[in-house]
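Subject: Structure handover and notes

Dear colleague,

Please find below the structure I promised to pass on to you, together with its sequence.

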Amino acid sequence: MSLRICGNRQLKTLPGLATRPTPARVREALFNIWQGTIADCRWLDICTGSGSMGAEALCRGAASVTGIEQSAKACAIIHENWEKVAGSSQTFQILRGNAMAKLGALGGQQFDRVYFDPPYASDLYEPLLNKLASQEMLAPDGEIAIEHSPDRSTQPIPGLEICRQKIYGNTALTFYARSG
């Protein structure tokens, strides 16, 4: 299977719905919202899935992209896709394993843009956002976008505040920034 990202570039994906690629209109909406902030940013993609969001960030000039994905097969495809779209001055890495554990391995790093898209029924949302906030992994002017079901309620997270929410059919995006 394949999907297309900015510049009509084609990416490989795993067959089936195991990696649930973010719908094209949601990807486009997110990058329109973050327009002007992607070039030279440090991007973190948690529950990377197909890797389309990180690939899109690379195409739009992100300085570095880090992905965290549990599936070994998905990691191999993501690496291949990102290698295809990354420029010579861009860096990327894909970390295979549990998202909470791999976040710990990134301690001390800060990211300007964080995209988090776990399975919608996952219990990772609040613990992972709490970990991002407590480890100060979000840069001072950074933002986190979480993809979730529109009927999922968003919880207050110490150190983070909700700055906007958007709904696109069966997909919602909630954006967090550092509090204060």
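Helix H2 is mostly covered, since eight of its eight residues are buried, where buried means under 20% relative accessible area, exposed means over 50%, and partly exposed is in between (1.4 Å probe, protein chains only). The buried residues of H2 are Ser52, Met53, Gly54, Ala55, Glu56, Ala57, Leu58 and Cys59. Just after H2, Gly61 takes a positive phi of about 100 degrees.

Before going further, please keep in mind that this is a predicted model, in which local features need pLDDT of at least 70 and side-chain atom pairs count only at pLDDT 80 or more, while totals for chains, interfaces and linings use all residues. Residues are numbered from 1 along each chain as its sequence is written, and side-chain values use heavy atoms, with hydrogens and water left out.

Which residues make the contact between H1 and H2? Two packed helices are described by the angle between their axes and the distance between the axes. The axes of H1 (residues 24-33) and H2 (residues 52-59) come within 11 Å and cross at roughly 40 degrees, the axes being lines fitted to C-alpha atoms, for helices over the stretch in contact, with angles that run from 0 to 180 degrees between N-to-C directions. That makes H1 oblique to H2, because angles under 35 degrees count as roughly parallel, over 145 as roughly antiparallel, 65 to 115 as roughly perpendicular and the rest as oblique. The crossing of H1 and H2 is right-handed, a word used if the near helix is turned clockwise from the far one by less than a right angle, with left-handed kept for anticlockwise. On the H1 side the contact is made by Arg27, Leu30 and Phe31, and on the H2 side by Ser52, Met53, Glu56 and Ala57, where contact means heavy atoms within 4.5 Å. By class, the contact of H1 with H2 has four nonpolar, one polar and two charged residues (Ala, Val, Leu, Ile, Met, Phe, Trp, Tyr, Cys and Pro count as nonpolar, Asp, Glu, Lys and Arg as charged, and the others, Gly among them, as polar).

Val26 is also found in helix H1, and at 1% relative accessibility Val26 counts as buried. Leaving aside its neighbours within four places in sequence, Val26 is in contact with Tyr168, Thr171 and Leu173. The C-alpha atoms of Val26 and Glu147 are separated by 9.3 Å, although these residues are 121 apart along the chain.

Several loop residues deserve a careful look as well. Cys47, in the loop between strand S3 (42-46) and H2, has a positive phi of about 60 degrees although it is not a glycine, and counts as buried at 17% relative accessibility. Pro119, which is found in the loop between strand S6 (111-116) and helix H5 (125-134), is 72 residues from Cys47 in sequence and 8.3 Å from it in space, C-alpha to C-alpha. With 47% relative accessibility, Pro119 counts as partly exposed.

Glu136 lies in the loop between H5 and strand S7 (138-148), is partly exposed with a relative accessible area of 47%, and has a positive phi of about 50 degrees although it is not a glycine. Gly107, in the loop between helix H4 (99-105) and S6, is 29 residues from Glu136 along the chain, and their C-alpha atoms are separated by 8.7 Å. Pro158, in the loop between S7 and strand S8 (160-168), is exposed, with a relative accessible area of 63%, and touches Asn130 and Ala133, not counting residues up to four places away in sequence.

As for the whole protein, there are five helices and nine strands, and 49% of the 180 residues count as buried. Of the contacts with a separation of 6 or more, 64% are between residues 24 or more positions apart.

With best wishes

Conventions. Helix = DSSP H or I, 4+ residues; strand = E, 2+ residues; numbered from the N terminus.
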